Amino acid sequence: MTLAKILWVDDEIESLQSQKLFLENKGYEVHTLTNGFDAIDYVKENPVDVVLMDETMPGLTGLETLAKIKEINQQIPIVLITKNETENLMDEAIGSQISDYLIKPVNPNQVLLSLKKIIDNKRLVSEKTTLAYQQQFRNLFVALNSNPNYNEWMEIYKKLIYWELEMEKSDSPEMREIFQTQKSEANTEFFKFISRNYSKWVGPKSGEAPIMSHTLMQYKVLPHLEKGTPLFFVLIDNLRYDQWKAIQPIFAESFRMVEEETFYSILPTATQYCRNAIFAGLMPVDIEKQNPVQWKNDDEEGGKNLFEEEFFRAQLKRLKKDTIKFSYTKVVNHHDGQKLVDNIHNLMQNDLNIIVYNFVDMLSHARTEMEVLKELANDEMSYRSITASWFEHSPLHQALKKIADKKITLVLGTDHGSVRVQSPAKVIGDKQTTTNLRYKHGRNLNYEPKDVLAFRDPREAGLPVPNVNSSYIFAKEDLFLCYPNNYNYYVNYYRNTFQHGGVSLEEMIVPVIRMTNK
């Protein structure tokens with residue numbers, strides 16, 4: 001069986017016949033040529049796995065040929081072979097994206113090693129990833145057990161996501177399992193951390209706190225308003241940090257990353273609470289106090305996110321920024337998306353444009369109900385992949401590309417994340433108890449205290465009191481809250497779905513990214 005097709009280009013190829021035979025005996029198919037022009041023509045017509053290229057040839061040099069070949073096929077690995085060891089040649093070669101560099105005279109084993117390294121790259125990357133994570137495992141373990149503060153938690157979570165994405169390169173199920181165990185240990189510790197600190201951050205006697213939903217606009221969006229440079233604040237509903245990492249390369253084609261940060265979503269990590277808090281600049285208890293008619297509790301009829309623009313206007317007034325000219329666009333279906341594409345240029349005359357885009361949230365809810373989506377997004381890796389595929393072909397991407405060449409500032413954020421739930425926990429409540437799987441509020445709730453973060457007085461968590469004696473509970477880690485009646489049916493239906501509302505790294509530590517045009 002042929003291992004791979006090699007093209008060897010050297011004006012003294014006759015003297016390399018023994019090397020060619022050596023590689024052929026190892027199972028490679030080797031085609032030889034004596035100049036760059038023929039090499040370019042050959043690559044146009046034939047599949048090639050690796051090109052071995054002499055640097056000093058009459059006519060076209062190796063570097064010139066390399067540039068032309070990369071124009072035809074960016075992916076072909078090229079090994080430059082040269083007598084010249086000068087540093088600027090090496091710099092130029094590496095800048096031209098060569099895969100390896102060999103100094104003449106080369107011996108056959110050197111060439112073989114280079115080919116193996118390139119062709120077996122995937123396996124080697126997998127092994128290297130596994131080894132690197134093994135070395136990092138200890139550091140992460142120490143960080144988790146050293147009582148991290150809220151900034152250190154954000155760093156730990158970023159590192160975990162880094163390794164989760166790196167693990168996609170590893171084909172070791174054992175290492176993935178070890179990683180998943182470490183991630184769930186992190187969530188266990190994070191739950192304890194939030195249980196100890198959350199009411200200090202948001203309650204009536206709030207002290208030092210991280211940037212959270214209700215302070216996001218004030219500290220992460222509005223400070224970047226600049227005269228003559230429109231600011232676009234794009235909020236993609238329910239976007240986890242790892243999903244941001246999946247769409248980041250698509251943004252990077254058009255925009256330059258200036259700042260990549262995270263902030264803490266408030267509890268419950270659900271649209272109605274987080275998004276209203278973002279635009280009002282207030283915790284839900286204060287939104288209700290100031291807007292009793294507009295605020296709707298879970299058990300009340302009517303839309304829960306209908307007044308975001310009104311809330312934001314009031315926030316600007318409070319911050320004495322009510323001279324800002326802003327637009328507010330909410331996209332909840334494809335038709336709205338197309339309207340945004342058509343209208344994006346008109347938004348350039350505003351100081352600030354808010355675009356709220358509902359897709360990821362619809363995806364996670366639809367995934368619960370549609371078998372086909374359960375197949376397509378059956379774990380985190382495929383959930384990221386589906387998010388990237390959606391974004392790449394979305395009206396949002398089209399709209400942003402239309403203004404990518406204009407002088408703008410773009411801040412991308414979200415309201416909360418989601419977590420894949422695995423473990424059911426029983427809750428008993430009366431008829432008024434809410435249906436959400438990751439948090440509940442109601443009177444006379446009956447639950448296992450170890451499974452949840454409970455607030456008997458919702459005001460301690462900055463939340464309104466829907467009814468006398470109402471308390472709130474938030475599920476920890478990957479738990480989902482089920483009622484005893486029809487228990488097994490619900491457990492099987494909801495296990496392994498993406499939910500939000502509770503306490504986990506994935507739901508609470510979410511991205512806020514600042515970009516500018518390139």
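I take buried to mean under 20% relative accessible area, exposed over 50%, and partly exposed in between, with a 1.4 Å probe and protein chains only. Helices (H or I, at least four residues) and strands (E, at least two) are DSSP runs, numbered from the N terminus.

I note that this is a predicted model, in which local features need pLDDT of at least 70, side-chain atom pairs count only at pLDDT 80 or more, and totals for chains, interfaces and linings use all residues. Residues are numbered from 1 along each chain as its sequence is written, and side-chain values use heavy atoms, with hydrogens and water left out.

**Entry 1: strand β13**

I looked up β13 (residues 439-442) and found both of its faces covered. Tyr439 and His441 are buried on one side, Lys440 and Gly442 on the other. I count two strands as paired if DSSP finds at least two bridges between them. By that criterion β13 pairs with β16 (residues 471-475) in the antiparallel sense, over four bridges. Opposite Lys440 I found Ile473 of β16.

**Entry 2: strand β3**

How many of the five residues of β3 (residues 50-54) are buried? Five of the five are, so the strand is largely enclosed by the rest of the structure. I assigned Val50, Leu52 and Asp54 to one covered side, and Val51 and Met53 to the other. Strand β1 (residues 5-9) pairs with β3 in the parallel sense over four bridges, and Ile6 has Val50 as its bridge partner. Strand β4 (residues 78-82) also runs parallel to β3, joined to β3 by four bridges; here Leu52 is partnered by Val79.

**Entry 3: the six-stranded sheet**

I traced an open sheet of six strands with mixed pairing, in the order β7-β19-β10-β6-β9-β8. β7 (255-264) and β8 (326-331) are the edge strands, each with a single partner strand, so one side of each is left without a neighbour in the sheet. Neighbouring strands are turned by 15° against each other on average, direction ignored. For angles, axes are lines fitted to C-alpha atoms, for helices over the stretch in contact, and the values run from 0 to 180 degrees between N-to-C directions.

Helix α9 (residues 213-221) touches β6 (231-236), β7, β9, β10 (409-413) and β19 (509-517), and its direction makes about 150° with that of β7. Helix α11 (residues 271-280) lies across β6, β8 and β9, at about 165° to β6.

**Entry 4: helices α7 and α8**

At what angle do the axes of α7 (residues 150-167) and α8 (residues 173-202) cross? They cross at roughly 160° and come within 11 Å.

**Entry 5: Asn109**

I located Asn109 in helix α5 (residues 108-119) and found Asn109 exposed, with a relative accessible area of 52%. Asn109 and Phe22 are 87 residues apart in sequence, and their C-alpha atoms are 9.0 Å apart in space.

Technical notes
Contact = heavy atoms within 4.5 Å.
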